Amino acid sequence: MPAIEIRGLTVKFKQDGSSFTAIDNLDLRIGRGEFVCIIGPSGCGKSTLLSVLAGLKEASSGEVLINGKPLTGTGTDRAVVFQHYSLFPWMSARKNVLFALEQVRSGAKKELAHVADAWLKRVGLGSFLDKLPAELSGGMQQRVAIARALALDPDILLMDEPFGALDAKTRMSLQEMLLKLWVADDQRKTIVFVTHDIEEALVLADRIIFMTPKHIHKEIAVNFSRPRDKSAIFADEEYYKMRLELLELFDYGAAAGAYGDFSI
Amino acid sequence: MKKIINLPTLLFIILVGSILWPSLINKSAPWAFLTLVVALYVIFQFGIHRDKDPRARIDSASILFIVLLIWEILATKLNFRNQVLVPTPEEVFNVFIDSRLLMWKGFARSMSLLLAGFSLALGLGITGGLMVGWNPRLRQVFFPLTKALSTVPALVYIPYVVAIMPTFASASIFVVFCGIFFSTFMNQINYVVAIDRRLIDSAKVLNLKTSTMLFKVVLPFTLPRNIDLLAVSLSISFMTLTAAEMIGANAGLGYFVRKFCDYADYARVIAGIIFIGIIVSFLNLGIDLLRKKVVKWHY
């Protein structure tokens, strides 16, 4: 049974009487423990797809099954990391993680605080437990968000351009951290990761799903061995082939006007 | 070398000299006024805001001392005044000693009414606005309704409310409540509506119960803005309360001022006004401290 199964998903937005189709009759299966990157130009519906999986947006028609069960709103089987405003600005790093834990787990506050602290240490924030988000850098904030999501121990981790606002160096170190944490888990989580960064997708994913507006245009399997070694990947010819292919997909779509107003 | 004699010090010396100088007219005991002047000087010279721009301190101290000096000289030295309408500063500040019992009783009475109306309005306004702002259906009904109701200034209700309520206390609590409830309620609705959707999404995916969402996420988010509003609400509620007390009370600070106005005892009137000013300033100071304590975070 796949972790996520999507059949004929259509999502429409209604605004001022007119309706806009963001996703049209989309099918997708994601296996248990698979790391899938969804990539595509702005406005292709990749973030909308993630919102549906998170339970934040409703499907207009079609079916979404999570572990074989129809999706109904948000759920403890999924955790989400957003690009912005992931954390509550009035709570310290520890309190942010603890607050999330308290919603899904029973247990003494002290115990849960230990879990929270342990996760923050694992993402390298052991000495920033009591800092407010505003006192942390953007990269550190995303570390807290990842620690929070993983502390909840969901089956599925949904990530919506989590590193999109970070500088290149921070992004790379966070990618490495995410992979390390993911591989360390004996029951690997299913990860759906939305990005617009080709290199990021190639380094992280088992499979890349390229979306053009409303549809999945192409799926590309990424077969680099795990645990991933960046220098080995960058030395691999396969990497450049796939990179070129994805670049052409971005380019071709723009040239063909497939992205509507989004092409420049 | 640091300048020792600055302008406030010079003015202070002249002012003290003038207070102690034998007066033309029969002057009341100068000690209360003198104590105040010395206290002000000590505060300005050695007290608050040492870290801020010293010029601001010196300038405001100078202005204050000049005003007091003009008042002192015109009233007691030149006797250039209406004997009934303009009391001397000595007379005014002696009131703080002679009538201290009455003033503190008025203070206690006014504060209890203020606190009751204020906390009632804030509590209901903030939690009510939280729920109405969160629920679109409630919002569509209550927002326009409140908007219409809030157009009438609370001061207008006072005579009628004082007439129909069983006690003056309940009447003034009601008036204070009306004075700030509507603005608190409507602002809270607007704050709730204006929350960044991304923050709400982050909270939603944590599977919060509605009550947790409202009181642990939305409420804390609106708290800093509510504290910003607090200073304005406070002066409005003090205004409505003292106005109500001037119309129908038998105690309280507003009553103190109005009663002695009726007796043409203007020293007490002015003392009462200054007393109210000092109280409001201290309350505002408290709000500033609260803000620093609560609002450590900001976007």
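How much area do chain B and chain A bury between them, and what share of it is on carbon and sulfur atoms? About 1900 Å², with 73% on carbon and sulfur; buried area here is the accessible area (1.4 Å probe) that two parts lose on being put together, summed over both.

Before you click on, remember that this is a predicted model, where local features need pLDDT of at least 70, side-chain atom pairs count only at pLDDT 80 or more, and totals for chains, interfaces and linings use all residues. Residues are numbered from 1 along each chain as its sequence is written, chains are lettered from A in the order in which they are written, and side-chain values use heavy atoms, with hydrogens and water left out.

**Stop one: the interface.** Select the 20 residues of chain B in contact (heavy atoms within 4.5 Å) with 24 residues of chain A. Now pick out B:Val205, B:Leu206 and B:Asn207: they supply 33% of the area that chain B buries against chain A, more than any other three residues.

**Stop two: the helices.** Next, colour α9 (197-204) and α10 (210-248) of chain B, the elements that each give two or more residues to this side; helices are DSSP runs (H or I, at least four residues). The largest share, six residues, comes from α9(B).

**Stop three: salt bridges.** Look for a side-chain nitrogen of Lys or Arg within 4 Å of a carboxyl oxygen of Asp or Glu, and you'll find zero such salt bridges between chain B and chain A.

Jump to residues 89-98 of chain B, where B:Pro89, B:Val92 and B:Phe93 are among the buried residues (under 20% relative accessible area, 1.4 Å probe, protein chains only). Show α1 (7-20) and α5 (100-134) of chain B too, as the cover over those buried residues includes both.

Conventions: Buried < 20%, exposed > 50% of the residue type's maximum accessible area, 1.4 Å probe, protein only.
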